[in-house]
Amino acid sequence: MSASTDILSQVHRLPAFPASAARLAGLLQDERAGAPEVEKVIRPDPALTANLLRIAASAYFSPRSRPETVRQAVTLLGVKRTFEVATGAALASMLPAKLPGYNIEARAFWLHCVAVAVFAEKLAKESASRSPDLLFTAGLLHDVGKLVISTFVMRQSGSILLKARQGMDFSDAEREVLGVDHAEVGAHVALSWHLPESVAWAARWHHRPAETPKNVDRALVDLVHAADALAISLGLGCDSGELARTVDPQAWQRLGLRVQRMELVASEGLQAVKELAAALGEVGNSK
Amino acid sequence: MSNITVEISDLKVSACQDDLLVTYALGSCIAVIVHDPVKKVGGMIHYMLPLSEIAPEKAQDKPAMFADTGIPELFRSMYGMGCDKKNLVVKVAGGGALYDDKGLFNIGKRNYTVLRKMFWKAGVIIAAEDVGGAKSRTARLWVGTGKCTIACQGEEVEL
């Protein structure tokens with residue numbers, strides 16, 4: 001069995017995605033689904049109910065009011081946003097204490113995930129592109145493949161780090177040494193959890209936006225790529241790869257982003273990232 | 001001894017001889033590390049962006065987010081502890097960059113350029129620095145001794 005096949009075969013060993021979050025993903029496809037249907041999925045799940053209410057009360061998701069019931073939260077946020085919050089809560093609760101291959105602890109990894117989600121949404125507002133659907137979730141889950149590939153990266157960390165420090169993009173180094181990178185593994189994870197395909201494709205191409213296939217939402221991939229670069233550059237959730245990541249100038253051009261606007265996103269987003277990471281982080285610890 | 005963490009967009013000053021100031025994950029951000037060996041006072045800032053003109057309100061609330069508002073604040077805090085400018089030992093770390101041929105993501109370089117201009121105008125000499133590269137750094141300053149280290153890529157060396 002090749003290394004990459006071995007790694008991909010581990011995807012199904014991850015814990016299953018919580019059933020209620022998966023059912024919400026199903027409701028996203030159903031245009032007739034409204035607050036009552038969403039409420040029916042959430043209410044029987046006490047952990048999700050508590051998490052939804054706490055996160056929905058954060059300044060980022062509802063700056064003006066604090067929902068007190070599931071129905072209020074769902075009505076306020078809408079089906080899509082409720083799904084995004086539920087996905088965040090579910091992922092936070094599944095993180096291991098540490099990702100050894102990346103020498104990063106759960107708290108820092110989570111800070112990075114949240115930073116990419118928040119920055120991607122803020123960059124979308126500053127860019128020439130429209131804001132794609134499920135951008136927050138795509139940002140949050142872009143590195144989910146690291147949960148699977150981490151132990152394999154650890155075994156080969158000497159070779160991978162050597163290449164990265166000699167100037168190679170870290171995910172290219174993973175691919176050269178292991179035959180597969182965390183981005184490709186991430187897409188497999190997202191699909192195995194029955195998450196929307198766009199989330200899987202954003203994970204798959206976030207380090208290689210130039211190779212994004214035509215049938216994939218390119219703006220979504222570009223925004224996750226740019227937000228990831230910004231978060232890494234600012235040291236939000238830094239791992240053993242440090243700053244060894246390539247920036248794709250064409251993704252940048254397509255988005256029409258200017259340096260000053262990006263700096264504005266960083267200055268405005270930092271507080272939201274910290275608050276949201278803490279709110280969602282409690283979710284992981286409360287179980 | 002207490003470890004005092006300097007978060008991103010924050011600054012800390014201490015005259016407690018047992019204190020250790022530390023800041024983690026300096027990517028394109030920059031740490032300015034200041035020590036007065038006479039008064040035995042240490043200070044550190046971890047700023048994120050070069051110029052506050054992009055968000056003046058944010059700079060009022062969090063001056064340490066920007067070089068042009070945060071660095072003067074750091075020096076004022078040192079003077080407030082009785083330090084004399086001529087005694088200050090100033091070190092700089094961070095300002096890293098992604099692999100970015102076109103320089104689109106040049107926050108680190110801009111952070112460093114603004115700092116150099118400010119120091120040149122104010123007549124501040126940099127005693128030692130470790131900047132640039134695709135690196136993430138952790139900076140430490142022992143207030144009592146002025147010892148300063150940079151940890152990066154699995155190694156920690158004195159600056």
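**View 1. Strands S9 and S10 of chain B pair in the antiparallel sense.** In this predicted model, S9 (residues 148–152) and S10 (residues 155–158) of chain B are joined over four bridges; strands count as paired if DSSP finds at least two bridges between them. Helices (H or I, at least four residues) and strands (E, at least two) are DSSP runs, numbered from the N terminus. B:Ala151 stands opposite B:Glu156 in S10(B). Two residues lie between the strands of this hairpin, and B:Gln153 in the turn has a positive phi of about 50 degrees.

Residues are numbered from 1 along each chain as its sequence is written, while chains are lettered from A and ligands numbered from 1 in the order in which they are written. Local features need pLDDT of at least 70 and side-chain atom pairs count only at pLDDT 80 or more, whereas totals for chains, interfaces and linings use all residues.

**View 2. An open sheet of five strands in chain B has mixed pairing.** The strand order is S2-S5-S4-S6-S7. Strands S2 (10–14) and S7 (126–131) of chain B are at the edges with a single partner strand each, so one side of each has no neighbour in the sheet. On average, neighbouring strands are turned by 10 degrees against each other, direction ignored. Strand S4 (residues 30–36) pairs with strand S6 (residues 89–94) of chain B in the antiparallel sense over six bridges, and B:His35 stands opposite B:Val89 in S6(B).

**View 3. Helices H2 and H3 of chain B lie across strands of chain B.** Helix H2 (residues 67–80) lies across S2, S4 and S5 (41–47), running at about 170 degrees to S5(B). Helix H3 (residues 107–122) lies across S4, S6 and S7, at about 35 degrees to S4(B). Axes are lines fitted to C-alpha atoms, for helices over the stretch in contact, and angles run from 0 to 180 degrees between N-to-C directions. Contact means that C-beta atoms, placed from the backbone, lie within 7 Å.

**View 4. Chain A meets chain B through 24 residues of chain A and 26 residues of chain B.** On the side of chain A, the elements giving two or more residues are helices H13 (218–233), H14 (249–255) and H15 (259–286). H15(A) supplies the largest share, seven residues. This side of chain A divides into 12 nonpolar, six polar and six charged residues, where Ala, Val, Leu, Ile, Met, Phe, Trp, Tyr, Cys and Pro count as nonpolar, Asp, Glu, Lys and Arg as charged, and the others, Gly among them, as polar.

Key:
Two residues are in contact if their C-beta atoms, placed from the backbone, lie within 7 Å.
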